[in-house]
Amino acid sequence: MCTLEKQGNLYILTLTGPGEHRLNPKLIDSIQSALRLLRDQPLYPSSALITTAHGKFFCNGYDLAWGQSASSAPITQSRFQLMSLKFRSLISDLISLPMPTIAAVTGHSSTAGFMLALGHDYVLMRKDRGFIYMSELDIGCDSCLVYGDVVLTAAKLTAEMAVERRIVHSAHESAQATVEAAVGLGNELVRRKWDGRVYANNRLVVLGEVLDKIGFDETVEGQNGDSTKSKL
Amino acid sequence: MRQKQGNQMCTLEKRGNIYILTLTGSGEHRLNPTLIDSIRSALRRLHAEPTSPCSALITTAHGKFFSNGFDLAWAQSSQQRLQLMDSKLKLLASDFISLPMPTIAAVTGHASAAGMILALCHDYVLMKKDRGFLYMSEMDIRLVIPEWFMALLKCKTGDPNVRREVIMTAAKLTAEMAVVRGIVHSAHDSAEETVDAAVRLGEELVKRGWDGDVYGKNRMVLLSEVSKKIELDHDTVEEEMKTKSKL
């Protein structure tokens, strides 16, 4: 469902296969497992992570089909609760990752899939194809994760619109160009020779409010570099 | 009349209706306990001045540096010394936040880390172009910024992208970059012009005939998030010290 490879000093996490890379428990577990591997890498100097995807979609949100295919309404409800909980846990892991993170958005990205991209320090996006799409769905807590207090009222944003609104760092000519730019940026960031733990802790200070809303317990996680692991 | 403060690390003078606090000497004006105490003692004198109508304060510095942050050389990695400078800086920030008059930082050289925080403690930041950066250097020197630094930055820059750039990329901002990002009020061609512009701004503000007490209190309301974080930080440090002493 995803692969993690090293390219020079950078890690590349790819959501594999031609599908929509919907966020069901299996995919989320897969991604978290990759992030766990990264946490075990040397923290200083830090590396950098690029997350990208194969095919037409970066990530099209929660696996609604899986949620709704349950045999009863209560089970459907608990499936959605599970996906939300796991997703928040994934975002916590991303936010506490001891290295800079870059989302190379090479296809459509909607609702929770867009939030996944926003969970990265930098979002680079392909401009010739693919939209950011925030549907009217009530996605609960996820709506609190909008960086920069930007409330997306447009139904669909192209990469260029997103750059204009400063939600996305930069837009590129093709999927390949997006990944190349992400690699370029990643190498720049690695050249700064930052301390990964310090990087993560500074990120936690900057995103303090987001963490409160995810239900991240900072006193348990430790702000002083004791632990950057997620509680969930 | 010029007043020497402490070990001549800063002077306080009055120019017409305006006070000018100058960090003296050609060094980096590192915020060690001595300098911080000096500045605080100058601010205490200002607190004692008549508050209505209020005056205005300009803070500036000699040489290539406004302030290059904490005196890490003096601290020599001693946790206690670092803690002491941090506590004193918090007290200094609180003094600025409650000062019963408008404050203007005329940044005529580099301002980094705690030095940038010192500039941001002022209501207005005017800065010299071409030389001198605002630089939140912590990421580059393997330090985690305290939450109250973030709270102050939040109150002074509405744009979260700017905040992230400043902290997460340890960006070196020239005066013009800082103006575009809404951190600095205006950029000027030389140190002298920066101070002159600060004096003109100060005089404009004094002409408003505000009540200094009210001004100080309104500022405290505006920056209440910062004061809260300063308090919380202070409590956390106290708790840690207590725990350490039990071991």
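# Reading the two-chain model

Colleague: What makes residues 216-232 of chain A a stretch to treat with caution?

Modeller: This is a predicted model, and over residues 216-232 of chain A the pLDDT stays under 50. The scale of that confidence runs from 0 to 100. The model has 31 contacts beyond four places in sequence for the stretch. Where pLDDT is low, the predicted coordinates should not be read in detail.

Colleague: Which other part of chain A has a pLDDT that stays under 50?

Modeller: Residues 136-151 of chain A, with 27 contacts beyond four places in sequence in the model.

Colleague: What are the average pLDDT values for chain A and chain B?

Modeller: Chain A averages 84, and 83% of its residues score at least 70. For chain B the average is 92, with 95% of the residues at 70 or above. For the complex, the predictor gives an ipTM of 0.88 and a pTM of 0.87.

Colleague: Why is the sheet of chain A called open?

Modeller: The order of its 6 strands is β1-β2-β3-β5-β7-β10. Pairing takes at least two bridges between two strands, and β1 (2-7) and β10 (170-172) of chain A each pair on one side only. Those two are therefore the edge strands, by the rule that pairing needs at least two bridges. From one strand to the next, the twist averages 20 degrees.

Colleague: How do you know that the pairing in that sheet is parallel, antiparallel or mixed?

Modeller: The pairing is mixed. β1(A) and β2(A) pair in the antiparallel sense over 6 bridges, with T3(A) opposite T14(A). Strand β2 (residues 10-15) of chain A runs parallel to β3 (residues 48-53) of chain A, and 6 bridges join them; there Y11(A) stands opposite L49(A).

Colleague: What packs on the sheet of chain A?

Modeller: Helix α6 (residues 175-191) of chain A does, touching β1, β2, β3, β5, β7 and β10 of chain A. The direction of α6 makes about 160 degrees with that of β7(A).

Colleague: What makes G8(A) worth a look?

Modeller: G8(A) is in the turn of the hairpin of β1(A) and β2(A), which has 2 residues between the strands, and has a positive phi of about 70 degrees. In chain B, G16(B) takes a positive phi near 65 degrees in the hairpin of β2(B) and β3(B), also with 2 residues between the strands. Those two strands of chain B pair in the antiparallel sense over 6 bridges, and C10(B) stands opposite L23(B).

Colleague: What sets K193(A) apart, as a residue that is not a glycine?

Modeller: Its phi is positive, at about 50 degrees. K193(A) lies in the loop between α6 and α7 of chain A. Most residues other than glycine have a negative phi, and most peptide bonds are trans.

Colleague: Which peptide bonds run against that, then, one into P45(A) and one into P53(B)?

Modeller: The bond from Y44(A) to P45(A) is cis, with omega near -5 degrees, and P45(A) lies in the loop between α1 and β3 of chain A. The bond from S52(B) to P53(B) is cis too, with omega near 0 degrees; P53(B) is in the loop between α1 (33-47) and β4 (56-61) of chain B.

Colleague: Why is the pair D140(B) and R192(A) called a salt bridge?

Modeller: The closest N and O atoms of D140(B) and R192(A) are 3.2 Å apart. The cut-off is 4 Å, so the pair qualifies as a salt bridge. There are 3 salt bridges between chain A and chain B. Helix α7 (residues 196-206) of chain A gives the most to the side of chain A that touches chain B, with 7 residues.

Colleague: How many residues are in contact between chain A and chain B, and what area is buried?

Modeller: 21 residues of chain A are in contact with 19 residues of chain B. About 1900 Å² is buried, and carbon and sulfur atoms give 54% of that. R166(A), N202(A) and V206(A) supply 29% of the area that chain A buries against chain B, more than any other three residues.

Colleague: What does the salt bridge of D29(A) and K86(A) tie together?

Modeller: Their closest N and O atoms are 2.7 Å apart. D29(A) lies in helix α1 (residues 25-39) of chain A and K86(A) in helix α3 (residues 73-95) of chain A, so the pair ties together parts that are 57 residues apart in sequence.

Conventions
Residues are numbered from 1 along each chain as its sequence is written. Chains are lettered from A and ligands numbered from 1 in the order in which they are written. This is a predicted model: local features need pLDDT of at least 70, side-chain atom pairs count only at pLDDT 80 or more; totals for chains, interfaces and linings use all residues. Side-chain values use heavy atoms; hydrogens and water are left out. pLDDT is the predictor's confidence in each residue, from 0 to 100. Helices (H or I, at least four residues) and strands (E, at least two) are DSSP runs, numbered from the N terminus. Axes are lines fitted to C-alpha atoms, for helices over the stretch in contact, and angles run from 0 to 180 degrees between N-to-C directions. Contact means heavy atoms within 4.5 Å. Buried area is the accessible area (1.4 Å probe) that two parts lose on being put together, summed over both. A salt bridge is a side-chain nitrogen of Lys or Arg within 4 Å of a carboxyl oxygen of Asp or Glu.
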